[in-house]
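Thanks for asking me to look over this model with you. Here are my notes, point by point, to read with the structure open beside you.

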Amino acid sequence: MLSRRNFLTAAVGVAAATGLAACAKEDDSASDSTSGGSKALVLGFSQVGSESGWRSANTDSVKEAAKTAGYTLKFSDAQQKQENQISAIRSYITQGVDVIAFSPVVVTGWDAVLKEAKAKKIPVVLTDRSVETSDESLYVTLVGSDFTDEGRRAAKILEKVLEKAGHKGAVKIAQLEGTTGAAPAIERAKGFKEVMDADHADDWKIVVSQTGDFTRAGGKQVMAAFLQSNPDIDVLFAHNDDMGIGAIQAIEAAGKKPGKDILIVTVDGVKDGFIAMSEGKINAIVECNPLLGPQLMEVVQKVKDGETVERWIKTKEGDFMQDQAKAALPTRKY
Ligand code: GZL
């Protein structure tokens, strides 16, 4: 944990920055207005990409919250490429922003650039996803969900789905994994397996598992291949709604009924996921809240002011069975 003395809030006078990496999409959605004459806090934010409904809602939440807070937001969409995120972070360092925040597309490969930020005394806040690093001082805090617990919750709600469907005996499970190397993919798989090994070693089996990269297209393509090699799948566990929605298209193209012939549990809770659930095509959803913007902006201000913050600020989220979908839909904010 870093305290004030480690981070001087040096006003870094830096010449105009170099451009961001080629192909990353930069948008200086800066609220240039300064509140009351004082210089607005400048936040550099590197976003994973725009691969899913969850990500779009997360981006909207960050931009809206920065605007409400009166911060100058420098925002970059890395299009799911780590090299673009590293270039964006380097650009924010050069520009001398007050704080850097980012959602790391994968868990490894960040030490070098985070050391550069530390050398310039620019605090770094992780949001959504975490990193693996040997040096805990390279980031101040993570604002995000417990993905391992989401995996456990997915397995526990699958028990209810199987009971409701009257499924008896062996359960053949297909798993659509998130982006290879990403914290939510690693940890959701880990949490699900924990429950499976502890409570269902003799009846549940993951017969096939592959990444769909968190996208609808990926879910559809991989599920079609699953159905070729494993036509007797009982359950699909998809690491996000978007891959589950893509898989539904493949299941229907194969002449099967999603939510009946193949029971489906997904993670996120985006509106389209709830619509599919209300249509009976998804059986349960484990929520992963993308609306991290307000919490993030609160933390960013504290970090800039050198206040101590918790090492992990977890987001609150629920779980939803199919019969809750219709009533919940009007209340969904993303
Ligand atoms: C989870 C987030 C994941 C979502 C996906 O916090 O990182 O990335 O579950 C998104 O929808 O693509």
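**Notes on the cavity, pocket, cores and loops**

1. α1 and α5 each supply at least two residues to the lining of the second largest cavity. Please keep in mind that this is a predicted model. The cavity has a volume of about 90 Å³, and a search of the whole structure finds 4 cavities of 30 Å³ or more.

2. Which residues line the second largest cavity? They are Glu-51, Ser-52, Trp-54, Arg-55, Asp-128, Arg-129, Pro-184, Arg-188, Phe-214, Asn-240, Asp-268 and Cys-288. By class, the lining divides into 6 charged, 4 nonpolar and 2 polar residues. Domain 1 (25-144 + 290-315) and domain 2 (147-288) each give at least three residues to this lining.

3. The second largest pocket is worth a visit next. Its volume is about 190 Å³. Ser-130, Tyr-139, Leu-142, Ser-145, Asp-146, Phe-147, Thr-148, Ala-183, Glu-187, Arg-311 and Trp-312 form the lining of the second largest pocket, with 5 nonpolar, 3 polar and 3 charged residues among them. At least two lining residues come from each of α4 (147-165) and α5 (183-199).

4. Arg-311 sits in the loop between α9 (293-304) and β12 (312-314). Is Arg-311 buried or partly exposed? Its relative accessible area is 22%, so Arg-311 counts as partly exposed. Arg-311 and Glu-136 are 175 residues apart in sequence, yet their C-alpha atoms are 9.8 Å apart in space.

5. Now to the interior. Buried residues account for 55% of the 334 residues in the chain, which has 10 helices and 13 strands. Of the contacts between residues at least 6 apart in sequence, 76% join residues at least 24 apart. As general background, nonpolar side chains in soluble globular proteins tend to be buried together.

6. The largest nonpolar core has 28 residues, of which Leu-158, Ile-173, Phe-192 and Trp-204 touch the most other members. At least two residues of this core come from each of α1 (53-69), α4, β7 (171-177), α5, β9 (235-238), β10 (263-268) and β11 (284-287). Helix α4 gives the most, with 7 residues. Domain 1 (25-144 + 290-315) and domain 2 (147-288) each supply at least three residues to this core.

7. What surrounds Ile-173? Leaving aside residues up to four places away in sequence, Ile-173 touches Leu-158, Phe-192, Met-196, Trp-204, Lys-205, Ile-206, Val-207, Val-208, Val-235 and Phe-237. A second, separate core has 26 residues, including Leu-227, Phe-274, Met-277 and Ala-328.

8. Two members of that second core, Phe-274 and Met-277, bring us to helix α8 (residues 271-278), whose buried residues are Gly-273, Phe-274, Ala-276, Met-277 and Ser-278. After α8 comes Gly-280, with a positive phi near 85°.

9. Most residues other than glycine have a negative phi. Gln-80, although not a glycine, has a positive phi of about 65°; Gln-80 lies in the loop between β3 (72-77) and α2 (82-95) and is partly exposed, at 23% relative accessibility. Lys-121 is also not a glycine and has a positive phi, near 55°. Lys-121 belongs to the loop between α3 and β5 (124-127), and its relative accessibility of 37% makes it partly exposed.

10. Finally, a word on Lys-115, which lies in helix α3 (residues 111-119). Lys-115 is partly exposed, with a relative accessible area of 45%. Between Lys-115 and Ser-137 there are 9.2 Å in space, C-alpha to C-alpha, while the two are 22 residues apart in sequence.

How values were computed:
Residues numbered from 1 in each chain as written. Predicted model: local features only at pLDDT ≥ 70, side-chain atom pairs only at ≥ 80, totals over all residues. Heavy atoms only, no water. 1 Å grid on protein atoms, 1.4 Å probe; cavity = no way out; pocket = protein on both sides within 12 Å on 5 of 7 lines; lining within 4 Å. Points joined across faces, edges and corners; volume = space filled by probe spheres on them. Helix = DSSP H or I, 4+ residues; strand = E, 2+ residues; numbered from the N terminus. Nonpolar A, V, L, I, M, F, W, Y, C, P; charged D, E, K, R; others polar. Core = buried A, V, L, I, M, F, W, Y, C linked by side-chain atoms within 4.5 Å. Buried < 20%, exposed > 50% of the residue type's maximum accessible area, 1.4 Å probe, protein only. Domains from an automatic or database assignment. Contact = heavy atoms within 4.5 Å.
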